[in-house]
Every structure is written in structure tokens, then in C-alpha cells.
Amino acid sequence: MNRAWWHKIDFTLVLAVSTLVFIGILMIYSANGREPDSLSEVKKQLFYFLTGLVLMAVFTLVDYELWGRTSWYIYGLTIALLIAVMLFGHSAKGAQRWLSLGPIGAFQPSEMAKLAVIITLARFLSLHDSWTSRDILKALFYMLVPLALIFVQPDLGTALVLLAVTAAMLFAIGVKPWILLSTLCAGLFTAPFILKEYQKKRLLTFLNPEADPEGAGWNLVQAKIAVGSGKLWGKGIFMGTQNNLNFVPEHSTDFIFTVIGEELGLVGGVGILVLYFYVLWKGIAIAESSHDLFGSLLAIGIVAMLGFHVFVNIGMTLGIMPVAGIPLPFVSYGGSSLITSMVAMGMLGSIYFRRERIF
């Protein structure tokens, strides 16, 4: 006997994601509390969330196998958009990553590229029963093309996400760990030759931010001060001094966890981590419950993408990771990031919805 459709939707996952978004909106408002137009980002983030919620529902109801059958079209469109960014993209803060959407804002195709690579690799890997070195090189090639286009924008953070996602998916289908480690070592060896000077400086600053506390190390030093000053319970909503006095840069986007740590304290920070752990755990459970390899790999890629974002973003806030310009999923301000994460949740929902399908 078939169950009602609403029994096939994981509402606890929707609730966890929505809770993260609303905490993010509250923190965004706090981060901009002393700005002349403090509600501007809040209104935009609410709009992005509602748009993402609709897309999440649509992607849940649409059979995820459609994305596998159209993966090459999705991949081709993504490459075209990344090339368009190089030719016509909007520049800001020394990077050219956005395509203008007029009054709506700007769209960042590199966010779409994450899902495009996950879908393409999941489709390619699911069609093979055994693996040769040539097959692995093909899989890497599908990742390296968008990675190269993203790297030159420059967007090192998103490039690293693609590497992490690919490594997780290759590991999931049984590629030997030593092969992945060898590839990583080769990448580290070439890094000094391809990284820009400011990117090298970020890495060196991460190792010793106190060496230049008022220059290159400012972000990391101030972030650690903000988080540490929150202590156990935090200073209270809107009461963060590091935040309100703008000591921490980008505190509504990349460094929003500093606002959480300062105003909500260790308890609030751990609460956020618990919510993320639940979302990632549900993603892994959905991967295990999928009736086919494509669905499992799709879910694993999404979990790897979100998990890497959370680890690196919070890690750079705490000073255990270098600054990579990676937003905190569902919490950081930004339409492209939030909508991409919501669409990813819709894909997970689609796999969960059809987990009992029998052929």
C-alpha cells in the first residue's frame, strides 16, 4: 500500500535548514545594525530564502534522475556561463565573478558550477562498474575545466570546494586513498607556481597572523578576538562590540560566524554545529537509502560540498584554516550561495522521496 506523498518528505530536514536560515537572517540584521540601511540585506536574504524554498520544493518533486539524463546540458551551460563571466562579468573587490541580473542583483555562476560538477560526476561515475586510470583521468577532467575557469576569476575558495567534492565522490566509488593523496600532493607542489601573490600571503598569514596584526593578519586576529569574547553564553543579540564597531570585515558574509560566536557564545556556536551535523547526517542517510548509484553519489557530492563549506568557514573564523572566501551555508548573506544550497537540499529531498522505488 502506497503511503501519502507527505510521508515521503523529510520535514525535519526542512526544519533544520529553515532554522539555520532564520538564525542567519538575525545575525545579518545584527551585523548591519548600525548601517544607514540596516534592513536592506535582511529583506534581500528573506527574498532569496523564499525563492530557494520554492525551488527546494520543485527539486524535491522532480525526479532526480532527470538531472542525470540532462547532465551534459547542465555541464555545458555552466561552462558557457563561466566563460561569460570572463567576458562580460561584473567586478567587485578585485574579482570578476558575477553576471548582472539588473534590479534583482547579481548571479554567481561558480555557485551553480558546484552542483553541475556533482551531477556530471555522479552520472559519469554511476555508468561504470570497473575503473581504469583513464576513467579516473576523465572524471578529473570534467572537474578541472570549470575549476580552471573559476580559479582565474579568481575564486580559490570555490576551486577548493570542487576538489573536495571530487575527492569524496571518487573515494565513495572505491578509488584507492593513495591515489587521491598522490593527486593532492601534486597539487600542493604546483600551488606556489599558480597562486597569486595575495593568495600566498593569506597562507603565510594563517601560519602566523600575529606577525602582522594590523595588516595581513587583521582578519584572523579580530575574528578570534570576537569569537573568544563571547565566552560561554555570548554578549547577547545586537550587543557584540567587535561586530558593532566593524572590527571584523565581511561580518555578514564570510565572517558571520564571528557574530554568532560573540553574541551567542559557545552555546550558540555549538547549537549551530549541531544543526549542521544533523543536515549532513541526514544527507549521508539519504545516500545510503538511495535505490541506485547515481542517487547515492549525488547525495555524497552534496554532503561533501556543504561539509567542506562548514569546516573551512568556521575553521578560518577560529584560526585553524586559512582565509578562503567561502560562505557559511544557509547563514551567510548572499543570494547565489543560499539558493544553490536550497536547490541542493531539494535534490536530497528528491532522492529521499523516491528511496522506496522498485524497478
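Predicted model: local features only at pLDDT ≥ 70, side-chain atom pairs only at ≥ 80, totals over all residues.
By class, the contact of α5 with α14 comprises 6 nonpolar, 3 polar and 1 charged residues. Helix α5 spans residues 109-126 and helix α14 spans residues 335-353. Their axes lie 8 Å apart, and the two helices pack at an angle of about 25 degrees. Because angles under 35 degrees count as roughly parallel, α5 is described as roughly parallel to α14.

A second pair is formed by helix α6 (residues 133-151) and helix α7 (residues 156-172), whose axes cross at roughly 170 degrees and come within 8 Å. An angle over 145 degrees counts as roughly antiparallel, and α6 is therefore roughly antiparallel to α7. On the α6 side the contact is made by A139, L140, M143, P146, L147, I150 and F151. The α7 side contributes L156, T158, A159, L162, L163, T166 and L170. The residues of this contact divide into 12 nonpolar and 2 polar, with no charged residue.

The loop between α6 and α7 contains D155. The relative accessibility of D155 is 2%, so this residue counts as buried, the cut-off being under 20%. When neighbours within four places in sequence are left aside, D155 is in contact with R97, Q108, S110 and I150. Of these, I150 also belongs to the α6 side of the contact with α7.

Methods. Residues numbered from 1 in each chain as written. Heavy atoms only, no water. Axes fitted to C-alpha atoms, helices over the stretch in contact; angles between N-to-C directions. Helix = DSSP H or I, 4+ residues; strand = E, 2+ residues; numbered from the N terminus. Parallel < 35°, antiparallel > 145°, perpendicular 65-115°, else oblique. Nonpolar A, V, L, I, M, F, W, Y, C, P; charged D, E, K, R; others polar. Contact = heavy atoms within 4.5 Å. Buried < 20%, exposed > 50% of the residue type's maximum accessible area, 1.4 Å probe, protein only.
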